[in-house]
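Please open the structure in a viewer and keep the selection tool at hand.

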Amino acid sequence: METRGIGDMFDFRRFPKDAVVLLLLLVYFPVGVCLMLIRISVGLHVFLVSCALPESFVRRCIVRIMCSVLGMHVRQTNPRSRDRSTKLYTSNHVTEFDHNVLNLLTPCNTPQLEGSTGFVCWARGFMEIRSASGREAIGETLQRYCLADGTPPLLLFPEEDTTNGRSGLLKFSSWPFSLTDSIQPVALRVTRPLIALNTPESGWLMELLWTFFVPCTVYHVSWLPPVSRQEGESTAEFANKVQELLAGELGLVSTKITKADKAEYVKRKRHAAPQAGASVRPSSIGLGFMVQSLGTDERRMAKMAQQVKDVLPHVPLSVITKELAKTNCVDGTITNLLENKEETQMEASGASNFGSSRSSFYSSGPAPTPQPAAKSFGKSPVDRHLSLQDRKDALYNFARRRYIEKHGLDQEDSH
């Protein structure tokens, strides 16, 4: 039994990442909505027919054909391997409707262990277990059911939760293998175009609507020969043996990941998503990380912002990014930041509330600035005060020299 990355076993994205497939999905979307509305109406008729007709081969054939109209196609291999004397089927779990699909091929009952009871439980095709509280009480009830004559076989999913069916099997719970000494494994493969088969936090009703939306969902059912428990073999060993057989048939990995592990992983994913999407102060993270996590245009913008930041290290990065969005030019941004001194000072002082006091380059306090100092104190007011334009030119030339020295550029290349 191998250990597999838990993230590979579940799809948290409903829609594909591939741009071509996503484009096809956008083109298909209006058709899918219309198809979904039509299938909702047909689905009501399927439900009424399944309720009206008694359990028989004819009923299963009619409902199977009508389910094909709903987009649920069922194929089976090795049907002769199905043992009619077996009282317990075990299968891997992929979708919320696996038990309905298998019930189209052979009569079987799946107990509702969790979730809704009453009408919803019955309408979904589950068998409700009354007056059974706790796993031990449920096990005893189901064990008596298996010993009773004339009852359809039980269908259980030892994984106890769904996977994407592509990577591995969840660790089988051992309690279903204590009900009887002979079990028939059923390998289930499910394929669907355009979108994922399921997502961990999506309910059965939402999954039903997506099933109606897509062109089709194909269920491949493969019957494996019955497996009996050997003398002296524990229920855990029996469960591991059946899990290995199903994993080998499906070409998947048999893992030790449990239903509880999945629930914990989904919980961490849910809490991590808002934190990843929360706004982070650019001054508190490295620009290298930003460059790696952004797209092509964003990477170019982040690189330009770093170049401006190298020249004007005390200007907040948010101010630089805002100015770069207007100019799309490093030199133009530096010039504008030097010329728009008052406006930049206001933004820098606002950013300083969230950063250190050094983030204000143009603050009114005693913080040092890169402005060139006068060589001597002038005797006249004209000598003592440069013109505003001269001071701008001096600051700009100073910033340009610093940029050229840092990046090792020639004077001619900088123009």
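The stops below cover a nonpolar core, a cysteine, an aromatic cluster and a cavity of this predicted model.

**The largest nonpolar core**

Begin by selecting Tyr 219 and Val 221, the residues with the most contacts inside the largest nonpolar core, which has 27 residues. Then colour the elements that give two or more residues to this core: helices H1 (19-52), H2 (57-69), H3 (98-105) and H6 (204-213), together with strands E1 (72-77), E7 (182-191) and E8 (217-223). H3 provides the largest share, four residues.

Next, display the surroundings of Tyr 219. Leaving aside neighbours within four places in sequence, its contacts include Met 72, His 73, Val 74 and Arg 75. Also among them are Phe 97, Asp 98 and Val 101, as well as Leu 188, Arg 189 and Val 190.

Apart from this core lies another, of 25 residues; to find it, select Ile 129, Tyr 145, Leu 154 and Leu 179, which are among its members.

**Cys 108**

Move to the loop between H3 and strand E3 (110-111), where Cys 108 is found. Is Cys 108 buried or exposed? Its relative accessible area is 6%, below the 20% limit, so Cys 108 is buried. Not counting residues up to four places away in sequence, Cys 108 touches Tyr 89, Leu 102, Asn 103, Pro 152, Pro 153 and Leu 155. A distance drawn between the C-alpha atoms of Cys 108 and Met 127 reads 9.8 Å, for residues 19 apart along the chain.

**An aromatic cluster**

Select Phe 15, Tyr 28, Phe 29, Trp 210 and Phe 213, which ring pairs link into a cluster. The whole structure holds ten aromatic pairs. In one of them, the ring centres of Tyr 28 and Phe 213 are 5.5 Å apart and the planes stand at 80°, so the pair is edge-to-face. This pair joins helix H1 to helix H6 across 185 residues of chain.

Phe 29 and Phe 213 form a tilted pair, with 5.5 Å centre to centre and 55° between the planes. Phe 29 is partly exposed, with a relative accessible area of 41%, whereas Phe 213 is buried, at 3%.

**The second largest cavity**

Finally, select Val 311, Asp 331, Ile 334, Tyr 396, Ala 399, Arg 400 and Tyr 403, which line the second largest cavity. Helices H12 (330-339) and H15 (388-407) each give two or more residues to this lining, and H15 supplies the largest share, four residues. The cavity contains about 40 Å³ of space. By class, its lining has five nonpolar, no polar and two charged residues.

Methods:
Residues numbered from 1 in each chain as written. Predicted model: local features only at pLDDT ≥ 70, side-chain atom pairs only at ≥ 80, totals over all residues. Heavy atoms only, no water. Core = buried A, V, L, I, M, F, W, Y, C linked by side-chain atoms within 4.5 Å. Buried < 20%, exposed > 50% of the residue type's maximum accessible area, 1.4 Å probe, protein only. Contact = heavy atoms within 4.5 Å. 1 Å grid on protein atoms, 1.4 Å probe; cavity = no way out; pocket = protein on both sides within 12 Å on 5 of 7 lines; lining within 4 Å. Points joined across faces, edges and corners; volume = space filled by probe spheres on them. Nonpolar A, V, L, I, M, F, W, Y, C, P; charged D, E, K, R; others polar. Phe/Tyr/Trp six-rings, centres within 6.5 Å; stacked < 30°, edge-to-face > 60°.
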